[in-house]
Amino acid sequence: MFSANHKISSRQLYRNYAAALISLGALLPPLVMNRDNPGSIVLALLFLGLYLWGAACVPRPSSGAVKWLCYVNYWVLGTMLARLTGLLVQSFLLTDTRLWVILLWFFLFCFYNMYKGLECRLRVSEVLFPFFLFLILFLSLLMFGEVEAGRLLRLRFSFGRRQWALGYELFCWLGAAQSLWHLRGRTGDQEHFHRTVRGIWLTGAAAVCGFAAFSHAIYGNAGHTGLVYPVASAMTLAHFPGNVIGRMDALFVFGWIIGFFLLCSSLFAPLMDEEPDRRRKGLLLVPVALAFGAACLPECVEWGQWLLYRILTPLQIVLLLFQWAKNRPGGRRAAAAGCAVLCLLLNGCSSQELEQLSLVTAVAVDPGEGGAWHLTFGFGSSGEEGEEPFETESMSIEGAKETYREYNQKNMDFNHLKNFYFSEEILQRDDFPGLLEEIQINAAYSRGTLLFVTEGPAGEEASKEQQPEEGMPVHQLLNAWYNRESCRISVITADGRYKGYVSWP
């Protein structure tokens with residue numbers, strides 16, 4: 001329940017949102033950082049700072065329709081974050097448990113926390129925050145022996161179109177802190193609220209920059225181009241004294257769960273002006289149940305990101321601008337100009353036209369002549385007829401892409417890449433780790449792409465129209481290679497059956 005004066009503590013507010021931004025800061029920046037260029041992260045933090053500054057100065061919306069537009073944004077964000085939390089738990093803690101079971105428990109605890117009310121929910125964050133912060137700092141300290149600080153000196157900054165696009169996308173995720181706007185006036189005087197918002201932004205900026213630099217100092221370029229959950233994967237490098245615990249992914253993921261639990265509890269519950277009655281609290285079960293159903297769908301994050309990037313975040317910015325314009329002379333014109341600039345920026349984020357791209361769905365690697373690789377690229381159809389597979393010999397995948405562009409005047413697009421196929425012979429070659437390094441460093445290749453070993457020529461598998469839907473994700477091979485562990489790769493037999501495994505190395 002609320003306190004007698006219907007106010008909440010600034011400390012409660014700070015700890016809830018600081019924990020949220022720290023959790024997001026550990027998960028997201030390594031995945032959006034473009035190799036050794038942190039320009040997108042700097043832009044994202046500037047966008048976030050501007051938005052939070054506006055939220056601290058602009059009166060919160062009073063219209064019920066406007067509030068519900070904001071709540072839809074929070075619901076989409078909360079649903080995607082809940083799914084990511086479930087995947088983290090499944091990947092590092094409960095590997096044999098179905099995702100829907102993990103999500104069910106997570107949503108039940110979130111609903112219980114929301115049912116207790118806003119002030120109680122923030123008190124939970126107030127209690128958990130010191131433990132959460134200590135756990136994150138302690139685990140980072142244990143990883144310090146793997147840090148190579150010299151890598152930070154090689155960072156380069158640029159602010160090209162790609163960096164603006166990535167910065168905007170990261171800002172959309174960090175925008176989970178946008179719900180601060182609806183708590184304006186609930187923390188005592190206005191000056192207190194301004195200081196709290198400023199403290200939240202400074203803490204979040206420090207966390208985002210710190211985790212980005214930390215993972216870069218451990219992994220170099222590779223850590224910023226797609227290890228699934230890079231900082232958690234970095235925990236495999238660290239050990240307690242005496243090797244009491246060999247892998248610490250579990251502890252770091254536990255810290256993440258605390259942060260995401262607090263964040264989702266705030267995002268799913270509408271931030272009422274007054275404490276809702278018991279009946280209205282019970283109705284919160286409906287959006288939570290809908291979020292649970294959506295989070296169980298594999299397409300949840302893909303659809304949610306489209307809504308977040310194209311519709312919901314621009315709408316939040318427009319609402320903030322027009323709310324600011326209400327009580328200021330000439331404000332409506334300034335708001336309209338700001339909306340026009342926003343539209344221009346968003347239109348500039350698109351890349352090449354589809355007609356200039358060839359959508360690669362499979363890459364096969366066979367032994368070539370003279371130490372080269374024989375590469376086969378299978379393509380999806382971008383029109384009525386599919387494109388014939390392309391074969392060439394090259395010392396690298398990048399070299400093969402350049403050869404393809406010379407012949408076809410088109411660029412290969414790997415956003416739809418489903419499968420890698422390696423023939424059994426190349427696993428034994430001394431330069432095979434070099435191929436893995438190229439896959440690891442290049443941001444074009446998703447860490448979730450499936451990997452198969454073929455007893456026959458790998459190129460035949462890439463040329464097939466039907467591609468398998470289940471296999472070993474390539475990130476498992478990359479993690480095993482980095483950690484000098486063995487892994488089992490699915491085999492495609494010479495007669496085309498998916499049967500058996502091969503161990504590597």
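1. Let's start with helix α3, residues 39–57: its 19 residues reach 27 Å from the first C-alpha to the last, close to the 27 Å expected at 1.5 Å a residue. The expected span here is 1.5 Å times one less than the number of residues. Helices (H or I, at least four residues) and strands (E, at least two) are DSSP runs, numbered from the N terminus. α3 is mostly covered, with 14 of its 19 residues buried; buried means under 20% relative accessible area, exposed over 50%, and partly exposed in between (1.4 Å probe, protein chains only).

2. A word on the basis of these values. This is a predicted model, in which local features need pLDDT of at least 70 and side-chain atom pairs count only at pLDDT 80 or more, while totals for chains, interfaces and linings use all residues. Residues are numbered from 1 along each chain as its sequence is written, and side-chain values use heavy atoms, with hydrogens and water left out.

3. Which residues have the most contacts inside the largest nonpolar core? They are Leu81 and Trp256, in a core of 99 residues. Helix α4 (residues 64–92) gives the most to this core, with 13 residues. A nonpolar core is a set of buried Ala, Val, Leu, Ile, Met, Phe, Trp, Tyr and Cys residues joined through side-chain atoms within 4.5 Å. Leaving out residues up to four places away in sequence, Leu81 touches Leu24, Trp173, Phe260, Leu263, Cys264 and Leu267 (contact means heavy atoms within 4.5 Å). A second, separate core has 35 residues, including Val365, Ile426, Val453 and Ile489.

4. Now to the strands. β1 (residues 357–367) and β2 run antiparallel and are joined by 7 bridges; two strands pair if DSSP finds at least two bridges between them. Val360 has Phe379 of β2 as its bridge partner. The hairpin of β1 and β2 has 5 residues between the strands, and Gly370 takes a positive phi near 65° there.

5. β2 also pairs with strand β3 (residues 390–394), again antiparallel, through 5 bridges. Trp373 finds its bridge partner in Ser394 of β3. Of the 7 residues in β2 (373–379), 6 are buried.

6. Arg429 is worth a look in your viewer. This residue is in the loop between β5 (419–423) and α16 (432–441), and is buried at a relative accessible area of 19%. A polar atom of the Arg429 side chain lies 2.9 Å from the backbone oxygen of Gly371. Beyond its neighbours within four places in sequence, Arg429 contacts Pro367, Gly368, Gly371, Ala372 and Trp373.

7. How many salt bridges are there? The count is 5, where a salt bridge is a side-chain nitrogen of Lys or Arg within 4 Å of a carboxyl oxygen of Asp or Glu. One of them joins Lys401 and Glu398 at 3.3 Å, N to O. These two are 3 residues apart in helix α15 (residues 397–408), so about one helical turn separates them. Lys401 is buried, at 17% relative accessible area, whereas Glu398 is partly exposed, at 31%.

8. Helix α15 also holds Arg405 and Glu402, 3 residues apart and separated by about one helical turn. Their side chains meet in a salt bridge of 2.6 Å, N to O. Arg405 is partly exposed at 35% relative accessibility, and Glu402 is partly exposed at 33%.

9. Finally, Arg497 forms a salt bridge with Asp495, with the closest N and O atoms 3.1 Å apart. Arg497 is partly exposed at 42% relative accessibility, while Asp495 counts as exposed at 55%.

Note on methods
Polar contact = N/O pair within 3.5 Å; in protein donor to acceptor, adjacent residues only side chain to side chain.
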